[in-house]
Amino acid sequence: MNVITKTVQLPDGRTISIETGKVAKQADGAAVLRLGNTVLLATVCAAKEAVPGTDFMPLQVDYREQYSAAGRFPGGFTKREGKPSDEEILTSRLVDRALRPLFPADYHCEVYVQVMLLSADGVDQPDALAGFAASAAMACSDIPFDYTISEVRVARVNGEYVVNPTFQQMEEADMDLMVGATKDNIMMVEGEMKEVQETDLIAALKVAHEAIKPMCELQDELAKELGTDTKRAYEDEVNDDELRQQIKDELYKPVYDINRQALEKHARHDAFDKIIADFLERYDAAHTELSEDELEEKHAEAARYYEDVMRDAMRRCILDEGKRLDGRATTDIRPIWCEVSPLPMPHGSAIFQRGETMSLSTCTLGTKLDEKLVDNVLNRGYQRFLLHYNFPPFSTGEAKAQRSVGRREIGHGHLAWRGLKDQIPSDFPYTVRLVSQILESNGSSSMATVCAGTLALMDAGVPMKKPVSGIAMGLIKNPGEDKYAILSDILGDEDHLGDMDFKTTGTKDGLTATQMDIKCDGLSFDILEKALMQAKAGREHIMGEMMKTMSEPRAEMKPQVPRIVAIEIPKEFIGAVIGPGGKIIQQMQEDTGSTITIDEIDGVGKVQISAPNKDSIDAALAKIKGIVALPEVGEVYEGTVKSVMPYGCFVEILPGKEGLLHISEIAWKRLETVEEAGISEGDKIKVKLLDIDAKTGKYKLSRRALLEKPEGYVARERRPRREDRNGGERRPRRDNDRHGFSGDRGGDRAERNNDDARNDNGSAE
């Protein structure tokens with residue numbers, strides 16, 4: 001084996017090693033990356049020839065985590081890894097977005113990049129290393145690739161920028177950015193922030209780029225040592241220079257003129273389609289000597305050349321005249337229309353439309369039982385804020401079936417989720433789910449989701465800290481020219497034909513999330529800073545339009561929203577509330593029609609009660625407070641008679657807390673039996689707590705203390721107890737009641753024998 005190992009140091013002194021030549025040698029390229037106890041294997045394989053008719057880069061990136069990497073079993077019945085999780089898909093997208101622009105424009109062979117997490121101890125974050133590993137595998141192969149890249153995570157921890165921070169360091173971070181770059185240019189950015197300023201983002205990008213440069217140099221050295229710096233030959237396109245020039249000469253001006261007409265999306269596309277259709281009709285008439293198959297090949301070539309013409313015409317119209325496809329200036333924002341509560345039954349709903357892009361967002365509020373369980377290799381926990389983004393084909397007028405959720409939907413939804421999540425208070429008791437249905441799309445649908453989501457949250461009565469808006473920025477910059485144009489609120493065509501898609505979300509006080517993809521070389525930090533400041537102005541304008549519709553959250557939630565109350569109870573009462581086998585809490589839920597959940601957090605019992613109405617919540621609260629409440633001497637309680645004895649009855653004054661109501665304390669007259677007072681098991685009676693025995697904790701109750709004393713009543717002196725007669729001071733006996741009431745000696749005996757009959761200690765044991 002020809003094993004080669006290269007190392008590079010992170011700014012804090014940790015070492016990353018890249019090894020090739022030991023494993024996966026049948027792949028076109030393979031590399032093993034190691035940082036501490038974290039190990040990733042990246043492989044790349046490419047087809048030798050392109051599929052005929054392919055005119056795009058068929059790249060597939062898959063990042064997968066093995067549960068064995070952390071010494072865990074997968075969940076589920078099969079106990080094996082299944083379909084990729086959302087987090088694995090998001091990491092795959094991060095790698096894909098950095099790699100894809102760096103393949104030659106005319107290379108169309110299928111390329112498959114696979115990155116596997118083989119070992120992890122939960123200290124270092126493996127997703128930050130996947131891009132470096134994938135590019136290293138590319139460097140070890142002869143697959144055509146213009147530049148090596150790498151990716152790092154940058155976090156700001158206590159004011160200091162940290163490259164590839166550990167999981168523990170991330171707990172204190174106010175900025176989390178993933179940055180992909182070549183040695184010379186930044187290619188991809190994605191991350192979230194806690195309302196930081198634009199200058200802070202630029203500073204973080206500079207730190208990331210400085211850390212990436214030596215990683216790219218390592219890969220260049222590795223390729224040179226392996227001899228893979230010379231790439232394989234390919235010929236994936238057959239070009240007709242004469243046809244290319246003919247299309248440019250004949251079609252450039254008509255296309256340019258359409259760009260200046262400021263047509264709406266479908267009218268513009270129809271006009272562009274007519275130009276090429278008319279040209280092909282003329283071309284076919286002039287080349288009758290060509291066979292049907294030859295004409296089909298020429299049509300495919302013509303479509304590629306026409307794409308270049310449309311791209312050049314659009315860019316020149318913007319650079320030379322400052323006029324965009326829809327007639328706007330570079331800083332203009334499309335018209336905005338908003339509406340809240342368009343739907344009657346969702347807990348919150350809103351429509352946000354900007355130009356030809358529309359999001360209908362709904363907000364649903366649920367209980368703790370609705371939280372999402374996240375069970376990944378290195379992360380297990382619950383999410384209480386969910387955001388799902390759907391992009392049906394009709395939103396762009398496409399006639400095709402809607403399939404399952406794709407990577408694009410997951411990625412766009414995650415960006416919007418990052419932009420909004422920190423604005424929901426941590427003590428808000430509800431689980432929150434936002435769903436964005438894109439009803440129309442012509443650029444920036446993820447940013448429309450942020451805006452519609454903000455309005456839907458406020459419509460549901462979620463007490464957001466601050467509203468959030470979002471915008472997508474574009475860039476037009478031709479190679480070799482100093483002239484460039486930054487575009488606010490880009491259209492779909494401006495994204496497709498332009499050089500940058502730079503999305504930012506934020507409040508009035510700072511950025512909350514960002515995503516950037518760059519398709520050109522030589523993008524300076526000055527341009528990025530200008531784009532950020534222009535985006536800030538655009539976000540502020542959009543926010544102003546949103547606030548005209550709804551400026552603050554609803555003061556009262558809608559009637560159909562389940563009510564939730566959260567309380568804290570001492571840790572030692574958690575078991576009492578739940579009961580053996582959950583018996584008590586289940587009974588409480590059945591009796592009150594509520595849903596009750598309990599968690600122990602930081603040594604305190606966190607109780608959440610949800611119900612469709614206030615009465616159910618109040619009833620559940622009363623029961624729980626009764627369980628955790630401590631009886632107080634002198635207080636009056638409405639209790640339930642649990643059992644009747646010859647010497648009295650046992651009354652439950654609080655859930656699980658019983659005391660003895662002796663027969664002598666039931667009424668002011670002498671009773672031979674408890675039943676004489678009309679008391680039977682199950683009755684509700686009011687009693688007063690006279691005393692709590694300091695040794696046994698037994699509760700002594702009285703009913704007669706709440707009754708009016710009969711006129712002329714005189715209590716007899718009580719006869720001293722046996723122990724008093726034997727050695728203590730003699731107690732005087734009570735006189736007989738002048739109205740015929742006498743002391744209850746039988747009751748005294750019964751009370752003395754009570755310990756043998758029942759050990760109540762406040763409750764039956």
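## Model and domains

We're looking at a predicted model, where local features need pLDDT of at least 70, side-chain atom pairs count only at pLDDT 80 or more, and totals for chains, interfaces and linings use all residues. Numbering starts from 1 along each chain as its sequence is written, and side-chain values use heavy atoms, with hydrogens and water left out.

The protein chain splits into domain 1 (4-226), domain 2 (241-321), domain 3 (336-549), domain 4 (563-628) and domain 5 (635-706); these bounds come from an automatic or database domain assignment.

## Where domain 3 meets domain 4

The C-alpha centres of domain 3 and domain 4 sit 37 Å apart. Six residues of domain 3 touch eight of domain 4, with contact meaning heavy atoms within 4.5 Å. Together the two domains bury about 610 Å², 66% of it on carbon and sulfur atoms (buried area is the accessible area, 1.4 Å probe, that two parts lose on being put together, summed over both).

There's one salt bridge between domain 3 and domain 4, a salt bridge being a side-chain nitrogen of Lys or Arg within 4 Å of a carboxyl oxygen of Asp or Glu. Lys368 pairs with Asp599 in a salt bridge, their closest N and O atoms 3.1 Å apart.

## Salt bridges across the structure

In total, the structure holds 62 salt bridges. One of them joins Lys6 to Glu225, with the closest N and O atoms 3.0 Å apart. That pair ties together distant parts of the chain, 219 residues apart: Lys6 is in strand S1 (residues 4-9) and Glu225 in helix H4 (residues 198-226). Helices (H or I, at least four residues) and strands (E, at least two) are DSSP runs, numbered from the N terminus.

## The annotated S1 motif

An unreviewed UniProt entry annotates residues 634-704 as "domain: S1 motif". Over residues 634-704, the chain is 0% helix and 51% strand, and the end C-alpha atoms are 13 Å apart.

Notes. UniProt positions renumbered as here; feature names shortened; annotations may be inferred.
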